Amino acid sequence: MPIDLTHRSAAEEIMDDLALDQPVLYQTLRELDFINETLGGNAISINAFNRQTKKERDITVMDMGTGSGKLLRKMSIHSRQAGIKFRGIGIDANPYVANYAREHTSPSYSIQYADHDVLDEACYQEEIDIIHACLFTHHFSDEQLIWLFKKWKETAKKAVIINDLYRNTIAYYSIKWLTQFFSKSSMVKYDAPLSVARGFKRKELEEILTKAGIEDYQLKWKWAFRWLLVF
């Protein structure tokens, strides 16, 4: 039976269980890194980050739902190459995920990790230049996103960069088939297509932005089936 993608799915992903521990969690993080790098999703974030920091010499980035921390590490490398002093803060509500990122990040990257709830005001005590979120915002309801967008806009001195999924039938079945054939993680096989079902149509993001009081933004469709939102 074909899936109905008319509206965003409210079903929870396995990844939303904050009690998840290794080894299935760590296998999933490794596979997600591979998928995002191979399909070009990581490049969307890095290119947007490079554009926002072109004239900077000192930058602090807070990465929401940081996962393995790979994108923060890539931002740190790109910053060093551009002569920019970099400081990264990776946020993930799952302490096991934050610990995985910590274990895979050497001190030379100038990144710290914390297991905070992004819906908690206590998460926003740092001085932040850029807030970044990749494949993270689809985990929240529209009402939660209105609050988050407002808070992120207030917190980030320079920009908010959001890289997330375009809800589309081709995207849904493509990732479903790819993960069924090539993934070893049961979590990836279940969560990947559900993530697309929880993704966004352009009008939905525009409505959330309007309700959050954000008028000045850029929203662009990117390959493969991604939105890049900057405000």
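Guide: Let's start with two helices: helix 6 and helix 7 are roughly antiparallel to each other. Keep in mind that this is a predicted model, where local features need pLDDT of at least 70, side-chain atom pairs count only at pLDDT 80 or more, and totals for chains, interfaces and linings use all residues. Residues are numbered from 1 along each chain as its sequence is written, and side-chain values use heavy atoms, with hydrogens and water left out.

Visitor: Why are helix 6 and helix 7 called roughly antiparallel?

Guide: Helix 6 (residues 169-182) and helix 7 pack at an angle of about 170°. Angles under 35 degrees count as roughly parallel, over 145 as roughly antiparallel, 65 to 115 as roughly perpendicular and the rest as oblique. That puts this pair in the roughly antiparallel class. Their axes, which are lines fitted to C-alpha atoms over the stretch in contact, are 9 Å apart.

Visitor: Which residues of helix 6 and helix 7 make the contact?

Guide: Contact means heavy atoms within 4.5 Å. Among the residues involved are Ala 171, Tyr 172 and Ile 175 of helix 6, and Val 188, Ala 192 and Leu 194 of helix 7.

Visitor: What makes helix 1 and helix 4 oblique to each other?

Guide: Helix 1 (residues 24-38) and helix 4 (residues 95-103) pack at about 55°, with axes 11 Å apart. By the angle classes, that pair is therefore oblique. Leu 25, Tyr 26, Leu 29 and Arg 30 in helix 1 meet Tyr 96, Val 97, Asn 99 and Tyr 100 in helix 4.

Visitor: What makes strand 3 and strand 6 edge strands?

Guide: Seven strands form an open sheet in the order 3-2-1-4-5-7-6, with mixed pairing. Two strands pair if DSSP finds at least two bridges between them. Strand 3 (111-114) and strand 6 (218-222) each have a single partner strand, so one side of each is left without a neighbour in the sheet.

Visitor: How many bridges join strand 2 to strand 3?

Guide: Four bridges join strand 2 (residues 85-91) to strand 3, and the two run parallel. In one of them, Gly 88 has Ile 111 as its bridge partner.

Key. Axes are lines fitted to C-alpha atoms, for helices over the stretch in contact, and angles run from 0 to 180 degrees between N-to-C directions.
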